[in-house]
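Have the model open beside you as you read.

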Amino acid sequence: IFTGITRGVGGFGFGGGGDGTVAPSPITASGGTKITSGSDIYHVFISDQNFEITSGNNTVELILVGGGGGSAGGYAGGGGAGGVAHATAWPLGPGTYPVVVGDGGTGGSNLPDAPGALGGNSVFNGITALGGGVGMHDGFQSPGPWTPKMDGGSGGGNGDDPTADSGDALQPAQPTFGGLVSNYGFPGFGPPSNDAPGSGTRGGGGGGSGEGGPVTTDRVKGGDARAFPSFPAPVLAPGIPSPAQPTWTPTVGPTGYFGGGGSGNRGPGTTGPAPTGGGGIQFTPGTAFTGGGSGGTHPSGASSTNGAKGIFIIKYAAP
């Protein structure tokens, strides 16, 4: 709903004068955790709520992150990151705007077959950030519902499979609303070299908002996130609950990393480097409120960890 704002060919805009459009004016709003930093106001949403504008018509900057994907048990690839939608000048006027923040996908096991779950979609004002794809083991050998679960905002990684492929990234195909929204997500990584098929001890990482596969080199690490410098963690940390805040703040960092892919399993006794933006490493879930994908697990039959919940943040000029 765009109250008091015109939508024309190629996007939205404000006017002023005889054509019936409304000139820009400072926004007064509530919802989520409201933070004032210098000349900017932020609203941080980590759960389903409403963003309500009581007065003003103006453009806002926003970032919407879907929930990270889970992974499907032993020898699996990492879960894909939630897709990221970013707008630097999204027009809004007075009204109530529901916010949906996607949950992280749950982990599964492969003994018995129990695929992990896709991350949940995050939604605001017609914009959707898709949940991340599931990290799989033998994803392209398994019939039925397995392989489609690998596709998501960013795609899930795949392990121990003769097919050098992975989950596809669906976020880049989301609407841009005439160029106002940029969408970020990458495919997951395929099985690492010599492991397609192989010993079953490694899995490809999930795709991130900044990079992804599929590749068949030794890429167990999940895809790194893209930086969104307008959303620095030190400023936004008051919007994150205290149990999660000590991990969330350095993960997102001052440059605003969201949407890291989960790393695939590496085998017993190894962990490897973590991707930027909250993707989990082996045996580790994604970092809460980043949309990071789940880390894979080892050995076969082990239950995987969960993807991370997404987040929505909106920023505009203080009156």
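In which strand does N183 lie? N183 is found in strand β15; helices (H or I, at least four residues) and strands (E, at least two) are DSSP runs, numbered from the N terminus. Before going further, please keep in mind that this is a predicted model, in which local features need pLDDT of at least 70, side-chain atom pairs count only at pLDDT 80 or more, and totals for chains, interfaces and linings use all residues. Residues are numbered from 1 along each chain as its sequence is written, and side-chain values use heavy atoms, with hydrogens and water left out.

N183 has a relative accessibility of 13% and counts as buried. Here buried means under 20% relative accessible area, exposed means over 50%, and partly exposed is in between (1.4 Å probe, protein chains only). The N183 side chain reaches the backbone oxygen of Q174 at 3.1 Å, and a polar atom of that side chain also lies 3.2 Å from the backbone oxygen of P175. Both are polar contacts, that is, pairs of N or O atoms within 3.5 Å; within protein, one atom must be able to donate a hydrogen and the other to accept it, and residues adjacent in sequence count only if both atoms are side-chain atoms. Not counting residues up to four places away in sequence, N183 touches V84, A85, Q171, P172, Q174, P175 and T176, where contact means heavy atoms within 4.5 Å.

S209 is a second residue to look at. It lies in the loop between β15 (181-184) and β16 (226-227), and at 1% relative accessibility S209 counts as buried. Its side chain reaches the backbone oxygen of F258 at 2.8 Å. Leaving aside neighbours within four places in sequence, the contacts of S209 include V84, S154, Y184, D224, F258 and G259. S209 and V65 are 144 residues apart in sequence, with their C-alpha atoms 9.7 Å apart in space.

## Salt bridges

How many salt bridges does a search of the whole structure find? The search finds four, a salt bridge being a side-chain nitrogen of Lys or Arg within 4 Å of a carboxyl oxygen of Asp or Glu. Three of them, by name, are among the entries below.

| Salt bridge | N to O distance |
|---|---|
| K309 and D103 | 3.5 Å |
| E211 and R219 | 2.7 Å |
| K221 and D224 | 3.4 Å |

K221 is partly exposed, with a relative accessible area of 21%.

## Aromatic pairs

Nine aromatic pairs turn up in a search of the whole structure. Rings of Phe, Tyr and Trp (its six-membered ring) pair if their centres lie within 6.5 Å; planes under 30 degrees apart count as stacked, over 60 as edge-to-face and the rest as tilted. One of the pairs is Y97 with F124, tilted, at 6.0 Å centre to centre and 45 degrees between the planes. Y97 lies in strand β8 and F124 in strand β11 (residues 122-124), so this pair ties together parts that are 27 residues apart in sequence. Both Y97 and F124 are buried.

The rings of W248 and F258 have their centres 6.3 Å apart and their planes at 55 degrees, so this pair is tilted. It links W248 in helix α2 (residues 245-252) with F258 in strand β17, 10 residues apart. W248 counts as buried at 0% relative accessibility, and F258 counts as buried at 0%. F45, F51, Y97, F124 and F312 form one aromatic cluster.

## Nonpolar cores

Which residues touch the most other members of the largest nonpolar core? They are F51, L62, W90, L92 and F124, in a core of 25 residues. A nonpolar core is a set of buried Ala, Val, Leu, Ile, Met, Phe, Trp, Tyr and Cys residues joined through side-chain atoms within 4.5 Å. The strands that each supply at least two residues of this core include β3 (25-30), β5 (40-45), β7 (84-92) and β12 (127-129). β6 gives the most, with five residues. Another core, of 21 residues, lies apart from it, with I46, F228, V252 and F289 among its members.
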